[in-house]
Amino acid sequence: MRTTADGTAVPQADITAADLHASSLYGTGDPHPIWTAMRRHSPVHRQELPDGREFWSVTKYDDVNDVLRDHTRFTSKRGTLLSILGGRDPAGGKMMAASDPPAHTAMRRPMADLLSARALSPLVPKVRRMVDRMLAPLADGTWNLARALADFPMAFTGTLMGLPESDWPRLTRLTSTAIAPDDPEFSQGDGTLASAHHELFSYFSADVRRRAGDPGDDLVGSLLRMDVGGRPFRHDELVYNCYSLLLGANVTTPHAVAGTVLALIEHPDEYRRLLADPELVPSAVEEGLRWSSPANHFMRHVTRPTEIRGVELRRGDPVVAWLGSANRDEEVFADPFRFDVSRSPNRHVAFGFGPHYCIGAPLARIALRLLVDRIVGTVAEFRLEAPVEHLTSNFVAGIKDMRVSARLHRGAAEKLEEAITLDEPVPLNG
């Protein structure tokens, strides 16, 4: 989706006709003028679809945080994405992302230990080498940055999970289909999402069965040995959580980087600030996450009659928390439609909030900082060579095609050429 830079709002009268459920809004349109109007005039907004299904939208930062934080009023067990609206998520209570405490806590605690920044630190040299190789085509002319980035998460998540490299292209395409089943590039009709889920679940079911008796020492093997509240994971829980971990990694990182690079191209003064002071890379990464907000929404269901800003919600009502809107809330972020690589404070919710805060955030931050740091050290100036194509998805604010060329720093081409020739296997520790 496009990222408005001037805080324009649609007229208040147009809010009623706005369709936040439509994937096309995010593929070819811009939801920010609608969200801005909703924050001002209808921060708790009810929408009814033509087939009779209904949901509430919350667009203010504090309301988004309350909905994501308070599992006693807003449950995750009936599904967390608009794609499940009107149905029940079969993974509810079995997959960490679709569970409430205490079951959620029992699953999350051991997985969080495996994915902490300290546990992941041995992976840093490997990710750095992969970044160098990925950037190597910049020395040869036009490069489709978004396509290259789509494959990037599998390079470290696939390794962490012990998945064969020959399977990575297929898994990348299946996860892209799962997050954007309406995108013309991935859609195969009404059964697209179900088909992608079936293939991914079958893949991980076979992988888990293959490991019987010899789980291995990777992330999937760790899940097989894990104690969750005094018992091991059941087979279906293993399958759902493998799927969730892979989907989470493939969703955030590539689209956050593409969105950040696009923002730096569209705000060349900010890129020049970054070039002059590379110490700003960590804050630039956080601003890129706020600006792009790759995970667009999360849904919850009301557990008991409750109120938000005086609006009464009934038990069972779906409530959608729009992260991209929360990250532009004028009451929280100073001049929220200004891209500022030194923004501080920057309490964005790009990784969610509360008990379901993205468990892969440490890994995503490692990859994002290495990528942006290498880009700053390599590229003096980016140029867009074709119009950007956005992902048609109401879940992921993504970029699927972005062709760029670059003017490199002196000596950077030689370093990239050296990276091209390093095609031997990359050891985990060096």
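Begin by selecting Ser-293, which sits in the loop between H13 and strand E5 (297-302), where helices (H or I, at least four residues) and strands (E, at least two) are DSSP runs numbered from the N terminus. Its phi is near 40°, a positive value in a residue other than glycine. At 1% relative accessibility, Ser-293 counts as buried, a word that here means under 20% relative accessible area, with exposed being over 50% and partly exposed in between (1.4 Å probe, protein chains only).

Before going further, keep in mind that this is a predicted model, in which local features need pLDDT of at least 70 and side-chain atom pairs count only at pLDDT 80 or more, while totals for chains, interfaces and linings use all residues. Residues are numbered from 1 along each chain as its sequence is written, and side-chain values use heavy atoms, with hydrogens and water left out.

Next, select Arg-309, in the loop between strand E6 (306-308) and strand E7 (311-313). Arg-309 is not a glycine, yet it has a positive phi of about 50°. Is this residue buried or partly exposed? With a relative accessible area of 48%, Arg-309 is partly exposed.

Two loops with cis peptide bonds come next. Select Pro-101 and Pro-102, which are joined by a cis peptide bond with omega of about 10°; Pro-102 has its place in the loop between strand E3 (74-75) and helix H4 (103-114). Then move to Ser-344 and Pro-345, where a cis peptide bond has omega of about 0°, and where Pro-345 lies in the loop between helix H14 (323-326) and H15.

Now show helix H12 (residues 268-276), in which Glu-270, Tyr-271 and Leu-274 are buried. These three cover an arc of only 100° around the axis, which puts them on the same side of H12; the arc is that of the directions from the helix axis to the C-beta atoms. Against what do the buried residues of H12 pack? Their partners are H11, helix H13 (281-292), helix H15 (361-378) and strand E9 (379-384).

Leaving aside neighbours within four places in sequence, Glu-270 is in contact (heavy atoms within 4.5 Å) with Leu-264, Phe-339, Asp-340 and Val-341.

The next stop is a helix pair. Two packed helices are described by the angle between their axes and the distance between the axes. Select helix H8 (residues 168-179) together with helix H11 (residues 235-266), which pack at an angle of about 85° with their axes 10 Å apart; axes are lines fitted to C-alpha atoms, for helices over the stretch in contact, and angles run from 0 to 180 degrees between N-to-C directions. H8 and H11 are therefore roughly perpendicular to each other, given that angles under 35 degrees count as roughly parallel, over 145 as roughly antiparallel, 65 to 115 as roughly perpendicular and the rest as oblique.

To see which side chains are involved, display Leu-171, Thr-172, Thr-175, Ala-178 and Ile-179 in H8, which meet Tyr-243, Leu-246, Leu-247, Asn-250, Val-251 and His-255 in H11. The residues of this contact divide into 7 nonpolar, 4 polar and no charged, where Ala, Val, Leu, Ile, Met, Phe, Trp, Tyr, Cys and Pro count as nonpolar, Asp, Glu, Lys and Arg as charged, and the others, Gly among them, as polar.

Not counting residues up to four places away in sequence, Ala-178 touches Leu-193, Ala-196, His-197, Leu-200, Tyr-243 and Leu-247. Ala-178 and Ser-393 are 215 residues apart in sequence, but 9.8 Å apart in space, C-alpha to C-alpha.

From there, go to Val-208 in helix H9 (residues 192-210), which is buried, with a relative accessible area of 6%. Leaving aside neighbours within four places in sequence, Val-208 is in contact with Leu-224, His-235 and Leu-238.

Finish with the nonpolar cores, each a set of buried Ala, Val, Leu, Ile, Met, Phe, Trp, Tyr and Cys residues joined through side-chain atoms within 4.5 Å. The largest has 99 residues, and those with the most contacts inside it are Phe-382 and Met-402; its largest share, 17 residues, comes from H11. Apart from this core lies another, of 18 residues, among them Val-44, Leu-313, Ala-326 and Phe-333.
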